[in-house]
Amino acid sequence: MTSPESEAALTYTFPLPPDELRTNRRMGGHWGPLNKVKNAYKMVCQMAIREQGIPHDTIRRCTVTLTAYLGKRQRCDPFDLGGWSKVPLDMLVKLGVLTDDQASCILLGIVRVDRDWDDTRLVIEVREVLS
């Protein structure tokens with residue numbers, strides 16, 4: 001049986017989002033400072049995507065795997081990764097890697113939390129679905 005997914009995957013690595021953008025820390029506060037932090041993180045994500053390469057063809061439908069590598073004493077609920085990946089996925093759409101980030105275009109694959117005390121990061125693997 002053949003897999004409906006393409007053989008090659010695109011892997012993008014991003015820094016973890018700032019504390020202010022993490023799901024459990026966004027309680028209250030004025031939108032202005034939060035918006036500045038969000039815009040700065042958007043710029044960081046855009047630069048990371050450009051450095052890692054933009055494919056010639058936009059991916060219309062894909063499976064996305066999310067992996068967060070946390071440092072010492074960092075904690076994360078795997079369900080938080082959906083929120084952590086919002087800005088990077090939005091930037092993948094904005095820069096033309098993905099057509100859209102709606103549920104009809106993205107299938108959520110594996111969600112993992114791992115440890116790397118020396119290099120905390122968020123890794124998003126995009127694998128095109130051919131059928």
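Reader: Contact means heavy atoms within 4.5 Å. With that, which residues does Pro 88 touch, not counting residues up to four places away in sequence?

Author: Pro 88 touches Phe 14, Tyr 41, Cys 45, Ile 49, Leu 122 and Ile 124. Before going on: this is a predicted model, in which local features need pLDDT of at least 70 and side-chain atom pairs count only at pLDDT 80 or more, while totals for chains, interfaces and linings use all residues. Residues are numbered from 1 along each chain as its sequence is written, and side-chain values use heavy atoms, with hydrogens and water left out.

Reader: Fine. Is Pro 88 buried or exposed?

Author: Pro 88 counts as buried because its relative accessibility is 0%. Buried means under 20% relative accessible area, exposed over 50%, and partly exposed in between (1.4 Å probe, protein chains only).

Reader: Where is Pro 88 placed?

Author: Pro 88 is in helix H3, which covers residues 86–94. Helices (H or I, at least four residues) and strands (E, at least two) are DSSP runs, numbered from the N terminus.

Reader: Which residues in H3 are buried?

Author: Val 87, Pro 88, Leu 89, Met 91 and Leu 92 are buried there. Just after H3, Gly 96 has a positive phi of about 85°.

Reader: What about Ser 85, where is that?

Author: Ser 85 is in the loop between helix H2 (81–84) and H3. Ser 85 counts as buried because its relative accessible area is 2%. Leaving out residues up to four places away in sequence, Ser 85 touches Leu 66, Leu 122 and Ile 124. Leu 122 and Ile 124 are also among the residues that Pro 88 touches.

Reader: Step back. What order do the elements of the chain run in?

Author: From the N terminus on, they run β-α-β-α-α-β-β, which comes to three helices and four strands. The chain has 131 residues, and 34% of them count as buried.

Reader: What share of the contacts with a separation of 6 or more comes from residues 24 or more positions apart?

Author: The share is 86%. Gln 74 is in the loop between strand E2 (62–70) and H2.

Reader: Charges next. How many salt bridges are there?

Author: The count is four, a salt bridge being a side-chain nitrogen of Lys or Arg within 4 Å of a carboxyl oxygen of Asp or Glu. One of them joins Asp 116 and Arg 121 at 2.9 Å, N to O. Arg 127 and Glu 125 form another, with the closest N and O atoms 3.4 Å apart.

Reader: Which salt bridge does Asp 119 form?

Author: Asp 119 pairs with Arg 121, the closest N and O atoms being 3.5 Å apart. Asp 119 counts as partly exposed because its relative accessibility is 38%. Shared partners join Asp 116, Asp 119 and Arg 121 into one network.

Reader: Why does Arg 121 count as buried?

Author: Because its relative accessible area is 16%. Asp 116 is partly exposed at 22%.

Reader: What ring does the charged end of Arg 121 sit over?

Author: The ring of Tyr 69, with 3.9 Å to its centre. The rule asks for NZ of Lys or CZ of Arg within 6 Å of the ring centre and within 35 degrees of the ring normal.
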